[in-house]
Number of protein chains: 2
Amino acid sequence: MTGALLTDLYQLTMMKSYYDHGMEDVAVFEFFCRKLPEERGFLMAAGLEQVLDYLENLAFTPEELAWVERSGRFDARFVQRLERLRFTGEVVAMPEGTVCFGNEPLLRVVAPLPEAQLAETRIINLLHFQTLIASKAARMVLAAPGKLLVDFGLRRAHGAEAGLLAARAGYLAGLSGTSTVAAAARFGVPVFGTMAHSYIQAHVDEARAFAHFARSHPRNTVLLIDTYDTEEGARKVAKLAPELAAEGITILGVRLDSGDLGDHARKVRRILDDAGLGEITIFASGNIDEYELEALAAAPIDGFGIGTRMDTSADAPYLDCAYKLMEYGGAPKRKRSEGKATWPGRKQVFREMGADGRIAGDTLALEDDRPPGTPLLVPVMAGGKRIHPSPPLVQGREHAAAQLALLPDAARRLHGPRPVAVAVAPSLPALAERADRGTR
Amino acid sequence: MTGALLTDLYQLTMMKSYYDHGMEDVAVFEFFCRKLPEERGFLMAAGLEQVLDYLENLAFTPEELAWVERSGRFDARFVQRLERLRFTGEVVAMPEGTVCFGNEPLLRVVAPLPEAQLAETRIINLLHFQTLIASKAARMVLAAPGKLLVDFGLRRAHGAEAGLLAARAGYLAGLSGTSTVAAAARFGVPVFGTMAHSYIQAHVDEARAFAHFARSHPRNTVLLIDTYDTEEGARKVAKLAPELAAEGITILGVRLDSGDLGDHARKVRRILDDAGLGEITIFASGNIDEYELEALAAAPIDGFGIGTRMDTSADAPYLDCAYKLMEYGGAPKRKRSEGKATWPGRKQVFREMGADGRIAGDTLALEDDRPPGTPLLVPVMAGGKRIHPSPPLVQGREHAAAQLALLPDAARRLHGPRPVAVAVAPSLPALAERADRGTR
């Protein structure tokens with residue numbers, strides 16, 4: 001996950017030209033999202049840990065250098081420069097789990113131009129995806145307070161890394177865990193699982209399948225009951241439960257995965273309750289997202305498996321984000337491209353709180369400005385190394401929960417959300433004018 | 001990319017139960033997409049090579065086994081079974097690049113139940129993503145015949161693997177190449193690149209930036225001209241070209257990345273043509289998809305960088321696909337869940353061609369049926385090993401191009417496409433009845 005070739009070719013061609021022309025001064029780049037998707041009232045910053053891993057380990061392997069040489073596009077001198085290249089810069093960033101809004105930098109890189117340039121592609125790739133997923137997952141957390149929410153999305157996530165990092169970002173945002181084993185092994189995300197239809201189908205008799213599974217997992221039995229007929233499945237569970245109880249096995253729950261989940265849940269709840277099995281929980285899955293969670297809020301469902309729509313952020317599968325040069329060799333820089341103009345300089349986000357304990361407004365300003373509010377970006381890397389050891393993921397998860405509690409109603413609502421307004425300090429247009437005067 | 005823990009926890013819990021109860025007979029699973037997204041008239045099968053890599057290399061490492069043991073969910077006997085586990089089965093599949101439709105199996109696995117079960121998650125993960133992207137990319141290829149189309153999507157792809165595999169799937173579907181260096185190194189996809197705004201911004205003078213770049217890459221100069229003012233940028237190129245020509249440097253092209261791309265392209269073309277620079281090509285990027293390509297068909301644009309909307313399949317970011325048990329121990333199997341019922345048995349897709357050389361219709365039948373048409377699934381793996389060495393990616397790309405030529409107009413059109421009808425052979429409902437009688 002840390003390959004130096006995980007980049008666009010133009011980063012290498014620009015680097016060669018920077019070296020050719022002695023352009024190795026300090027550059028300042030910032031990562032930000034221009035405008036939130038219509039369906040989002042806030043973003044949740046995520047992915048920083050993977051960016052820091054990437055930067056700390058950035059180096060070309062002999063195989064990667066051999067490819068660069070073989071490509072025929074670069075000279076031996078350039079390959080030697082790449083061989084020595086490490087990331088030696090500083091990073092300032094919002095802690096993972098921080099809620100944020102349009103045009104706010106989530107991260108700033110300050111490093112010699114070639115290093116900061118090379119890292120662009122992977123930095124965007126890592127921050128974009130986890131921020132995208134944490135933002136989506138946070139909406140589900142807000143839509144289903146008190147419910148068990150588990151990521152089931154690996155199979156339809158966009159590749160292995162997407163599945164792993166979606167499990168991580170979902171847990172950060174407040175989900176209870178994931179079904180992805182590798183995410184448990186790598187990130188310590190709590191792991192959950194039930195059974196698949198194939199397990200039931202492989203048996204001739206559904207009730208026997210239930211019993212087999214329960215005996216294999218006496219302390220962890222959640223039975224999938226919709227393979228043939230959901231209510232019939234529930235009746236089989238009701239009949240089986242006392243037999244298993246006699247063996248010391250407790251059925252924890254049943255899972256529904258098709259049809260009208262609310263309607264089935266009510267019928268299944270009645271069947272189980274009538275059999276004195278009020279403690280068996282009902283878990284549901286299948287096309288769940290925040291809108292479904294809202295629609296099912298009154299149904300007797302204790303937990304949900306959330307898959308594709310979270311792991312792909314299906315209603316808004318990307319953010320309009322960028323990593324742009326803000327300063328080079330001490331001079332402010334900006335682009336003025338139509339619809340994509342940027343504010344130059346080293347920026348900070350200052351957040352003011354209202355009397356109600358919610359966010360009242362953010363101000364985008366220069367780092368040295370002192371508008372009212374608390375700065376959100378903090379130093380995390382210096383000299384190419386982390387300043388502090390990484391906080392455990394659960395700490396980011398606690399921060400995320402605290403941050404969600406700060407959102408005003410307009411930003412947190414599911415339908416027609418409105419992000420918090422971000423004011424622009426007067427120092428920014430002034431610096432933009434200076435940047436414009438300084439380029440031709 | 002081949003980790004055995006890239007799976008859902010329930011695969012492991014089910015496997016344990018299969019071992020506990022001696023359920024190691026031969027299972028048949030098939031991967032298929034239920035219904036195409038509304039915006040798609042066809043799918044293009046892709047990802048098979050990565051599935052075969054995964055299956056050939058499937059094995060638990062000591063670290064992975066240690067995690068399973070530490071998890072506290074499994075006994076030592078199960079861990080020993082996992083240690084010995086390899087994939088020993090057969091695979092039958094559509095060659096990559098084949099066009100296909102709803103409910104058609106793209107791949108069949110025949111293997112002892114625990115092996116076929118474990119592999120479910122990663123098989124879906126790999127086939128789903130590349131099929132999703134190849135299907136999206138193929139629409140762009142159809143929308144822009146004769147244009148240079150290059151994948152620029154790594155930065156907003158969902159993680160590293162998504163970026164790499166999107167570059168591969170895009171090239172398979174007919175794109176010219178990618179900007180992703182690692183996709184060139186790993187898969188041999190042709191790699192392209194221009195320059196970023198930061199390169200221009202790091203210079204005080206845009207014209208000097210152009211000259212610097214051209215001197216660093218005298219045979220490969222494409223200049224980005226929209227950082228400050230697109231037409232002004234084009235005039236600087238026109239002024240610079242003769243000076244560079246005197247040094248033996250030819251500017252290959254210019255890139256536009258903002259504003260009304262068609263309008264800018266026309267103005268830039270005129271500026272360049274008036275300066276006698278008719279051979280300088282115009283390349284455009286920014287929010288490109290098949291609809292933009294169609295809208296820009298008449299603009300004087302020679303090539304496009306295609307990013308986010310392809311690498312995330314933005315208008316349809318997932319497919320409704322599944323991997324389901326069709327047979328176990330010789331008996332046909334199916335689920336009857338509402339809206340998700342499946343046809344049992346080992347199936348084949350038979351394709352009939354019309355007099356016009358286009359696909360007339362497909363029939364979903366049992367493998368041993370002999371309806372009219374040519375079977376699409378072919379054996380690719382036996383005894384856990386590839387039957388033939390993998391074909392080079394360019395061969396799949398040629399197959400894909402030939403397949404696209406077979407699509408009827410209704411399936412290939414961008415707006416309101418209609419997939420080819422898939423008939424169901426009478427043997428399938430007959431077998432479904434048998435399967436239903438055989439389960440309770």
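**Entry 1: two helices**

I started with a pair of helices in chain A: helix α6 (residues 120-143) and helix α7 (residues 160-173) pack at an angle of about 45°, with their axes 8 Å apart. That angle makes α6(A) oblique to α7(A), because only angles under 35 degrees would count as roughly parallel and 65 to 115 as roughly perpendicular. I also looked up the handedness, and α6(A) passes α7(A) in a right-handed crossing. A reminder to myself: this is a predicted model.

**Entry 2: who touches whom**

Which residues of α6(A) meet α7(A)? I found Phe129(A), Gln130(A), Ile133(A), Ala134(A), Ala137(A), Ala138(A) and Val141(A) on the α6(A) side. Across from them, in α7(A), I noted several residues, including Leu165(A), Arg168(A), Gly170(A) and Leu172(A). Sorting the residues of this contact gave me 12 nonpolar, two polar and one charged.

**Entry 3: the chain as a whole**

Next I stepped back to chain A, where I got 17 helices and 19 strands. The C-alpha trace of chain A spans about 80 × 60 × 35 Å along its principal axes. Chain A has 440 residues, and 58% of them count as buried. I then checked contacts in chain A with a separation of 6 or more: residues 24 or more positions apart account for 73% of them.

**Entry 4: two copies**

Last, I laid chain A on chain B: a turn of 180° and a shift of 0.0 Å along the axis did it, with an RMSD of 0.0 Å. So the two copies are related as by a two-fold rotation axis. Through what do the copies meet? They meet through the same surface, because 100% of the interface residues of chain A are also interface residues in chain B.

Definitions and conventions. Residues are numbered from 1 along each chain as its sequence is written. Chains are lettered from A and ligands numbered from 1 in the order in which they are written. This is a predicted model: local features need pLDDT of at least 70, side-chain atom pairs count only at pLDDT 80 or more; totals for chains, interfaces and linings use all residues. Copies are superposed by least squares on the C-alpha atoms of residues with pLDDT of at least 70 in both. Two residues are in contact if their C-beta atoms, placed from the backbone, lie within 7 Å. Axes are lines fitted to C-alpha atoms, for helices over the stretch in contact, and angles run from 0 to 180 degrees between N-to-C directions. Helices (H or I, at least four residues) and strands (E, at least two) are DSSP runs, numbered from the N terminus. Angles under 35 degrees count as roughly parallel, over 145 as roughly antiparallel, 65 to 115 as roughly perpendicular and the rest as oblique. A crossing is left-handed if the near helix is turned anticlockwise from the far one by less than a right angle, and right-handed if clockwise. Ala, Val, Leu, Ile, Met, Phe, Trp, Tyr, Cys and Pro count as nonpolar, Asp, Glu, Lys and Arg as charged, and the others, Gly among them, as polar. A residue is buried if 20 or more other C-beta atoms lie within 10 Å of its own, exposed if 12 or fewer, and partly exposed in between; C-beta atoms are placed from the backbone.
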